[in-house]
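Visitor: I would like to go through this structure by asking about its helices and its cores.

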Amino acid sequence: IPPVQAGQLVFVAFAWGSAAEGSHEAHPFTVSGVGQAGEFCISVKALGDATRALQDLVPGVRATVQGGFDGFLADQATTPQLWVAGGIGITPFLAALRTQTLTVPTHLLYLYPNVHDAAYLDELRARATCQPLLTLDLRATGNELPDINALLPSARALQGVTSYLCGPPGLMQTVLHALQEKGIPLHHIHSERFDFR
């Protein structure tokens, strides 16, 4: 694949090993970090057979990477931002925080069932101390869908804000509807889907 540039928030299709030792079927993962030498990191939650097998990979396993695909966040934000992440959907936002300094006020609402299901909490808190424009809202919601309206900023506070959503489809659909009910136009709401388009 072409070198992944810092700040280029994309996802890649990743397949590993032979049919006997891994997965020959490509799976999409968001790039969650880029090293100085162009190496990249992906963050994987074990949700199925393939992602559970991926947890056990050892260095040296042959892998095929295609991409990157899809830009998610704006390269240079010009309006205040609302980022809403659910579970492992934190990865594109983490990549942004790892590779750029925020230039506009940004509110990150990160939802997860419990602290054991949350990813990168310590890093997010540390990055928030270094990014004065970042407001961090970390919420353990339990197993039930939370009252999204109560967690989102008010309609007035959302005026002129661009929203970015990434997480489980049901949660993202609920957040999308809640934002629209608050009067946010659809063209100010962007969501990441882990598929090819």
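Predicted model: local features only at pLDDT ≥ 70, side-chain atom pairs only at ≥ 80, totals over all residues.

Visitor: What is the handedness of the crossing of α2 and α3?
Guide: The crossing of α2 and α3 is left-handed.

Visitor: Which residues of α3 meet α2, and how many residues of the contact are charged?
Guide: From α2 come Leu-94, Leu-97 and Arg-98, and they meet Glu-123, Leu-124 and Arg-127 in α3. By class, the contact has 3 nonpolar and no polar residues, and the number of charged residues is 3.

Visitor: Which element gives the largest share of the largest nonpolar core?
Guide: The largest nonpolar core has 20 residues, and Trp-83, Ile-90, Phe-93, Leu-97, Leu-108, Tyr-110 and Leu-124 have the most contacts inside it. Two or more residues each come from β5 (81-86), α2, β6 (106-112), α3 and β8 (162-166). The largest share is 4 residues, and the element that gives it is α2.

Visitor: Which residues beyond its neighbours in sequence is Leu-97 in contact with?
Guide: Neighbours within four places in sequence are left aside here. Leu-97 is then in contact with Trp-83, Leu-102, Leu-108, Leu-124, Arg-127, Gln-131 and Leu-134.

Key: Residues numbered from 1 in each chain as written. Heavy atoms only, no water. Left-handed = near helix turned anticlockwise from the far one by under 90°. Contact = heavy atoms within 4.5 Å. Nonpolar A, V, L, I, M, F, W, Y, C, P; charged D, E, K, R; others polar. Core = buried A, V, L, I, M, F, W, Y, C linked by side-chain atoms within 4.5 Å. Buried < 20%, exposed > 50% of the residue type's maximum accessible area, 1.4 Å probe, protein only.
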